[in-house]
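The sequence and the structure are shown first.

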Amino acid sequence: MSSLSTTSEPTRWSLIWNSNIGYSFRKNPVAIVSLAIFLLIAVMSFCAPLIAPFDPYDPGQIDIMNSEYPPLWVDGADPQFMLGTDDQGRDLWSTILYGTRLSLLIGICAVGLQAILGISIGLIAGYVGGRVDSLLMRMADIQLSFSTLMVAIIFLAVTQAMFGSETFNQYAVYFLIAVIGVAEWPQYARTVRATVLAEKKKEYVDSARVLGFGPMRIMVRHILPNSLSPIFVISTVQVANAIISEASLSFLGLGMPPSQPSLGSLISSGFDYIFSGSWWITAIPGIVLVVLVLVINLLGDWLRDALNPKLYKG
Amino acid sequence: MFAYLVKRVFQAIAVMFVISLIGFAIQDNLGDPLRELVGQSVSEEVRQELRDELGLNDSFVTQYLRFAGNALQGDLGTSYFFKEPALDVILKKLPATMELVFGATIIIIGLSIPVGVYTAIYPNTILSRLVMGISIIGISVPVFLTAILMIFVFSVEYGWFPSYGRGDLVHVFGPWETNFATVDGWMHIMLPSIALASIMLPLFVRLIRAEMMEVLQSEYVKYAKAKGIRPWRIYFVHALKNTLLPVITVGGVQIGTMVAYTILTETVFQWPGMGFMFLEAVNRVDTPLIVAYLIVVGFIFVVTNTIVDLIYGLVNPTVNLARMGA
């Protein structure tokens with residue numbers, strides 16, 4: 001015999017929906033619109049091979065005779081190309097879809113690498129303490145004092161000169177992820193360390209230690225879940241920064257090659273034609289880049305207000 | 001304090017040592033100095049002889065010591081392209097970059113303090129909300145896009161400002177020629193400085209606003225209000241003084257970042273500074289120039305950071321020097 005239960009077990013989705021975060025999200029139109037735009041851009045770019053009318057990587061579909069057609073709403077457009085074509089005759093709409101996918105992919109992978117490095121180092125520094133801590137934090141200070149962009153520019157410039165542009169272009173994605181990922185680990189390490197220092201003193205950590213759990217288990221299973229909110233906030237801002245860094249590096253010719261353009265390299269190739277009036281090759285990828293970074297930053301702002309973790313200043 | 005100073009200087013030297021090691025490793029592996037000297041048409045025996053003569057067959061440590069010794073005397077090798085000492089080439093380009101950074105810094109300081117203070121005092125007015133909205137857009141626009149947009153609007157469409165180069169310069173002394181002495185020079189430096197400032201401005205406005213809002217909640221500001229001191233005096237004399245400390249620290253770090261952004265700004269505006277030169281050197285695989293740039297920029301970073309840390313230690317009496325030096 002069981003009594004009839006009128007309330008069903010809440011699903012995970014409804015738990016999130018009814019939580020404080022869910023509530024603050026529903027009450028914030030800016031956050032809703034930002035998330036919607038971000039998801040739209042993300043889904044469209046990752047479905048690029050399905051949506052795009054042309055394949056910008058297939059030389060068979062590119063005809064130099066088609067170069068520099070303006071977008072549809074400008075006189076002299078070719079109806080085949082919705083947003084016009086770039087200097088090589090590629091359909092701009094397809095190229096932007098593929099380019100956004102690359103930019104997002106590099107941004108997210110680089111931040112993933114930052115997070116793995118930074119969180120492990122931060123956990124170890126905070127939990128072990130002593131000399132290890134001061135050494136690691138000193139390294140973080142020094143790393144932070146050098147601007148990421150500067151480190152990335154010099155590293156990529158030297159690798160490009162060393163391997164030659166053929167080989168460099170082939171592995172550009174990995175170089176970009178590696179350099180943006182490694183240069184920014186202190187952001188995570190410092191924040192994680194600060195929260196670990198605060199959490200370490202709490203009773204649940206003591207009780208876990210009394211139960212005989214090893215340091216690894218306490219760090220990963222007990223302390224880390226309680227340090228997640230600052231990590232989330234940093235991650236959004238870091239993805240936005242990584243996308244900007246990637247675009248800047250590609251703009252300088254130290255990132256994605258023109259044959260496989262990200263948003264930055266598209267803008268760069270368009271810049272040469274801006275004086276001859278072909279503004280759309282620069283402007284349209286530029287707008288996509290700004291909108292993408294802006295919505296991520298707005299989401300990050302909302303998340304910071306909603307979770308309100310004590311972040312490191314500066 | 002003295003122990004802290006010594007530790008800080010020692011750390012700076014250690015970082016410079018690492019940078020010089022990296023620089024040397026690049027010089028050792030990138031390009032072939034022999035080919036730059038004699039070309040392809042020399043027999044293998046003569047090559048070996050030359051290698052011995054130039055010391056290219058010595059051990060890594062000997063070669064590094066020679067490199068470091070020369071570097072300490074200001075000899076960073078000779079540029080393959082300019083056929084001049086690399087350091088001289090860079091020092092010739094340095095004033096252009098420094099003037100650009102200077103122009104941007106003036107814009108940042110001149111705008112961020114009043115705007116930051118205003119938005120902190122009246123956080124709910126329409127103007128403040130507008131400023132905060134613009135600032136998040138400002139953070140999201142990469143500096144090269146701002147620069148391109150400004151060129152497109154102000155040079156191509158309206159033709160108000162020139163789009164490249166430095167214009168008429170006036171010689172001051174040594175390699176320093178200034179933009180600030182002629183109207184044409186002012187016109188040329190305007191767009192690049194604004195573009196360079198645009199990336200840092202939102203950051204500083206937000207920082208000053210956040211710090212100021214915190215200070216305005218403090219007891220001493222309330223006490224000053226109760227005492228009847230004029231609001232203007234409270235805001236700009238009492239409160240602002242205490243917000244500037246974190247601003248100095250962040251500002252010091254950002255000077256270094258600004259050097260990186262000059263590469264982007266200089267590329268867009270074809271500004272004949274260090275950054276533009278560096279990218280050209282990379283394209284020409286001009287190894288000595290690349291290495292010299294790395295060392296000069298590394299030096300600028302290390303010096304500014306050390307000075308900022310020391311100022312911070314001096315200005316802030318509450319800072320725990322023993323902990324910072326640990």
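Predicted model: local features only at pLDDT ≥ 70, side-chain atom pairs only at ≥ 80, totals over all residues.

The rule finds 1 salt bridge across the interface of chain A and chain B. Polar contact across that interface amounts to 3 residue pairs, with both residues of each pair at pLDDT 80 or more.

Several helices of chain A contribute to the side that touches chain B: α6 (130-145), α7 (148-183), α11 (228-251), α12 (263-271) and α13 (280-307) each supply at least two residues. The largest share comes from α13(A), with 10 residues. Sorted by class, this side of chain A holds 26 nonpolar, 9 polar and 4 charged residues.

## Extent of the interface

The contact between the chains involves 39 residues of chain A and 47 residues of chain B. Together the two chains bury about 3,600 Å², and 80% of that area is on carbon and sulfur atoms. On the chain A side, the residues that lose the most area to chain B are A:Phe146, A:Met150 and A:Leu252, which together account for 14% of what that side buries.

## Nonpolar cores

The largest nonpolar core comprises 155 residues. Within this core, the residues with the most contacts are A:Met150, A:Leu289, B:Phe144, B:Val268, B:Phe278 and B:Tyr293. Helix α7(A) provides the largest share of the core, 17 residues. Another core lies apart from it and has 7 residues, among them A:Ile121, A:Ala125, A:Leu136 and A:Trp185.

The surroundings of B:Val268 draw on both chains. Leaving aside residues up to four places away in sequence, B:Val268 touches A:Phe251 and A:Phe271 of chain A, as well as B:Phe144, B:Ala147, B:Ile148 and B:Ile151 of chain B.

## Helix α12 of chain A

Helix α12(A) is mostly covered, with 9 of its 9 residues buried. These buried residues are A:Leu263, A:Gly264, A:Ser265, A:Leu266, A:Ile267, A:Ser268, A:Ser269, A:Gly270 and A:Phe271.

The packing partners of the buried residues of α12(A) come from both chains: α5 (92-128), α11 and α13 of chain A, and α7 (143-157) and α10 of chain B.

## The setting of B:Thr243

B:Thr243 is located in helix α10 of chain B, which spans residues 231-269. The relative accessible area of B:Thr243 is 0%, so this residue counts as buried, the cut-off being under 20%.

The side chain of B:Thr243 reaches the backbone oxygen of B:Leu240 at 2.7 Å. Beyond residues up to four places away in sequence, B:Thr243 touches B:Glu211, B:Met212 and B:Val215.

## Overall architecture of chain A

The secondary structure of chain A consists of 13 helices and 0 strands. Taken along the principal axes, the C-alpha atoms of chain A fill a box of roughly 75 × 60 × 35 Å.

Of the 314 residues in chain A, 50% are buried. Among contacts in chain A with a separation of 6 or more, 71% are between residues 24 or more positions apart.

Methods:
Residues numbered from 1 in each chain as written. Chains lettered and ligands numbered in written order. Heavy atoms only, no water. Contact = heavy atoms within 4.5 Å. Buried area = accessible area lost by both parts, 1.4 Å probe. Salt bridge = Lys/Arg side-chain N within 4 Å of Asp/Glu carboxyl O. Polar contact = N/O pair within 3.5 Å; in protein donor to acceptor, adjacent residues only side chain to side chain. Helix = DSSP H or I, 4+ residues; strand = E, 2+ residues; numbered from the N terminus. Nonpolar A, V, L, I, M, F, W, Y, C, P; charged D, E, K, R; others polar. Core = buried A, V, L, I, M, F, W, Y, C linked by side-chain atoms within 4.5 Å. Buried < 20%, exposed > 50% of the residue type's maximum accessible area, 1.4 Å probe, protein only.
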